[in-house]
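Trainee: I am new to this. Can you show me how to read a structure, step by step?
Mentor: Gladly. Let us look at it together.

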Amino acid sequence: MSGPQAGWSNGDRALAAGKLMLAWVALLWLLEVVDVATGHALDGFGVTPRDPSELVDVVPSSFIHFGFAHLAANTVPLLVLGFLAALAGLRRFLLVCALIIVVDGLGVWLIAPDRTNTAGASGVIFGLFGFLLVSGFVERRPWGVLAGVLIAAVWGGSILAGLAPTQTGVSWQGHLLGLLAGVAAAFVFRRGPTAPAALTR
């Protein structure tokens with residue numbers, strides 16, 4: 001790896017990842033405070049499907065929530081999964097998130113039911129879950145595989161529940177598209193496998 005993070009220690013990476021995710025979540029809470037203070041004026045930045053004028057909201061929709069309960073439900077998984085994904089490098093993490101946000105937002109715009117307004121960080125959360133779940137296998141990194149297994153054990157039930165199309169007021173389409181985008185990101189932004197130790201006699 002080249003660039004300014006190449007010589008970072010594990011502690012440096014963890015500190016940078018933690019700061020980034022705390023800043024991200026703080027931004028989401030600030031936006032929701034503004035939304036409430038303005039009579040939910042920011043809710044209009046959600047995505048309404050198949051309206052060409054709504055394409056500009058594909059990215060902002062991932063940062064807007066419909067109330068503090070909605071945001072609170074997304075805060076912990078976003079913090080944890082984002083932190084774990086960012087440990088491998090901030091540049092790649094930001095590229096992964098950008099891909100997830102754009103693919104998820106465009107997918108929601110294309111296939112969400114008529115007369116719906118979709119917003120929230122859950123698409124990113126499902127995407128990061130998918131990315132962390134498979135990236136260790138794709139890159140053949142034992143620690144990544146172990147992390148994926150542990151993440152599946154902790155979050156797998158919630159992820160499966162979020163994909164159920166029977167839930168009222170929940171965009172299972174956005175969740176599914178985010179998950180698929182995260183899996184795709186694991187392949188698009190994969191690193192080379194860890195080189196095995198040289199055998200000596």
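Mentor: Start with a term. Helices are DSSP runs of H or I, at least four residues long, numbered from the N terminus. Keep in mind that this is a predicted model.

Trainee: Which helix gives the largest share of the lining of the largest pocket?
Mentor: That is α2, with six residues. Other helices take part as well: α2, α3, α4, α5 (142–162) and α6 each supply at least two lining residues.

Trainee: What is the volume of the largest pocket, and which residues lie nearest its centre?
Mentor: The volume is about 720 Å³. The lining counts 37 residues, and nearest the centre lie His 70, Ser 122, Val 170, Ser 171 and His 175.

Trainee: Now the second largest pocket. How much space lies in it?
Mentor: About 460 Å³. Its lining has 17 residues, with Ala 88, Trp 143, Gly 144, Ala 147 and Arg 191 closest to the centre. Here α4 gives the most, five residues. Helices α2, α4 and α5 each supply at least two.

Trainee: And how does that lining divide?
Mentor: Into nine nonpolar, four polar and four charged residues.

Trainee: Let us turn to charges. What should I look for?
Mentor: Side chains of opposite charge can pair when their charged atoms come close. For a salt bridge, the cut-off is a Lys or Arg side-chain nitrogen within 4 Å of a carboxyl oxygen of Asp or Glu.

Trainee: How many salt bridges does the structure hold?
Mentor: Four. One of them pairs Arg 50 with Asp 114, with the closest N and O atoms 2.6 Å apart. This pair links distant parts of the chain, 64 residues apart. Arg 50 sits in the loop between α1 (10–37) and α2 (68–86), while Asp 114 sits in the loop between α3 (90–111) and α4 (122–139).

Trainee: Which residue forms a salt bridge with Glu 139 at 2.6 Å?
Mentor: Arg 92 does. Glu 139 lies in helix α4 and Arg 92 in helix α3, so the bridge ties together parts that are 47 residues apart in sequence. Glu 139 is buried, with a relative accessible area of 2%. Arg 92 also counts as buried, at 13%.

Trainee: Where is Arg 191, which also meets Glu 139 in a salt bridge?
Mentor: Arg 191 is in the segment after α6 (172–188), 52 residues away from Glu 139. The N to O distance in this bridge is 3.3 Å. Arg 191 counts as partly exposed, at 32% relative accessibility.

Trainee: Which residues do shared partners join into one network?
Mentor: Arg 92, Glu 139, Arg 141 and Arg 191.

Note on methods. Residues numbered from 1 in each chain as written. Predicted model: local features only at pLDDT ≥ 70, side-chain atom pairs only at ≥ 80, totals over all residues. Heavy atoms only, no water. Buried < 20%, exposed > 50% of the residue type's maximum accessible area, 1.4 Å probe, protein only. 1 Å grid on protein atoms, 1.4 Å probe; cavity = no way out; pocket = protein on both sides within 12 Å on 5 of 7 lines; lining within 4 Å. Points joined across faces, edges and corners; volume = space filled by probe spheres on them. Nonpolar A, V, L, I, M, F, W, Y, C, P; charged D, E, K, R; others polar.
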